[in-house]
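Morning, everyone. I'll go through it briefly.

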Amino acid sequence: MSKNGKTESPESSLQFAISSSGNKEYMSLLAGSKQQKSFDFLHVLYEGAVAGAAAGAVVETVLYPIDTIKTRLQAVRGGGEIILKGLYSGLAGNLVGVIPASALFIGVYEPTKQKLLKIFPENLSAIAHLAAGALGGAASSIVRVPTEVIKQRIQIGQFVSAPEAVRLIVANEGLRGLYAGYGSFLLRDLPFDAIQFCIYEQLRIGYKLAARRDLNDPENAIIGAVAGAITGAVTTPLDVIKTRLMVQGSAKQYNGIFHCVNTILREEGSSAFLRGMGPRVLWIGIGGSIFFGVLEKTKQLLAHERPRKKNRNTLKLV
């Protein structure tokens, strides 16, 4: 009830929630971003790492063939034929890298996001999401880059297995060969991670405000698909550059990012930078749906399990 005795409408209540920075409901709708009490860093890191590992493994297993087709489309020069055999080549070895990389990414992203959301005001929450996504991507790149190099070399048929790829890359190119295209990877993935997670988090905040409730599993998945598809399309040119530098091997067709860009423009035209966009948008769109759906579900399960563990520990002490 208002002061004059009139009942406020849901619309006016929602407007008040959006306009008032002190409104408790509005603050809780920011995905729990601004908790007044300090959070347990180790719990957040652990739960984020477990959820990230689970989401990364599921996405990679389900969508690996689409990723293989995308890589082969981008790697081929001119009008070369795209081979559609062995679309799951290198999956097992890739999972060995993807699982810890995904765990590391979310393990860094979640506590960083929560810390930054306490620093920035509500209307600048997007900056916190952008920064947390970029930091998570930078941390996980230590594992992700070698994994990506090995995966893409296998996908285009240079090697048969991950152990063979590691042995021959190190023998022919040194340890630096495992980090081929590292600069282009960061050029693509830091903006990609920052943009994708920012879009995802901001869409969730807006949806929660509009619906005035928490999101269910299908809604998380749909928002994840939209965020993934948009980000995948925008960053396709960067992905083409990264792929060319990673798969060139000891042939050294390109001497860095700028030489790669100039060579592609001169020999193949600007349209080459959009090569593989269809499979990439499809792959990352579906991948975003699965990744964020599994991520949120795993986080919910872990959050529900936490009170049970505390109760069991309390009973043991008693």
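**Cysteines, confidence, cores**

Start with Cys260: it counts as buried because its relative accessibility is 0%. Cys198 is buried too, because it sits at 11%. Buried means under 20% relative accessible area, exposed over 50%, and partly exposed in between, with a 1.4 Å probe and protein chains only. The structure holds 0 disulfides, a disulfide being a pair of cysteine sulfur atoms within 2.5 Å.

Ground rules. This is a predicted model: local features need pLDDT of at least 70, side-chain atom pairs count only at pLDDT 80 or more, and totals for chains, interfaces and linings use all residues. Residues are numbered from 1 along each chain as its sequence is written, and side-chain values use heavy atoms, leaving out hydrogens and water.

Confidence next. pLDDT is the predictor's confidence in each residue, from 0 to 100. The chain averages 82, and 82% of the residues score at least 70. Which elements have the lowest and the highest mean pLDDT? Helix H1, residues 10-19, is lowest at 45, and helix H8, residues 217-234, is highest at 93. Residues 1-26 fall below 50, with 19 contacts beyond near neighbours in sequence. Residues 29-38 are also below 50, with 22 such contacts. Contact means heavy atoms within 4.5 Å. Where pLDDT is low, the predicted coordinates should not be read in detail. Helices here are DSSP runs (H or I, at least four residues), as are strands (E, at least two), numbered from the N terminus.

Now the packing. A nonpolar core is a set of buried Ala, Val, Leu, Ile, Met, Phe, Trp, Tyr and Cys residues joined through side-chain atoms within 4.5 Å. The largest has 20 residues; Ile106, Phe197, Phe291, Phe292 and Leu295 touch the most other members. H3 (41-75), H4 (91-119), H7 (182-211), H8 and H11 (277-317) each supply at least two residues. Leaving out residues up to four places away in sequence, Phe292 touches Gln196, Phe197, Tyr200, Asn220 and Gly224. A second, separate core has 11 residues, among them Val145, Ile150, Ala162 and Met246.

Met246 is also one of the buried residues of H9. That helix, residues 236-247, is mostly covered, with 10 of its 12 residues buried. Just after H9, Gly249 takes a positive phi of about 65 degrees.

Last, the annotation. An unreviewed UniProt entry places "transmembrane region" at residues 44-66 and 86-109. In the model, residues 44-66 are 100% helix, with end C-alpha atoms 32 Å apart. Residues 86-109 are 79% helix, and their end C-alpha atoms lie 34 Å apart. UniProt positions follow the numbering used here, feature names are shortened, and annotations may be inferred rather than shown by experiment.
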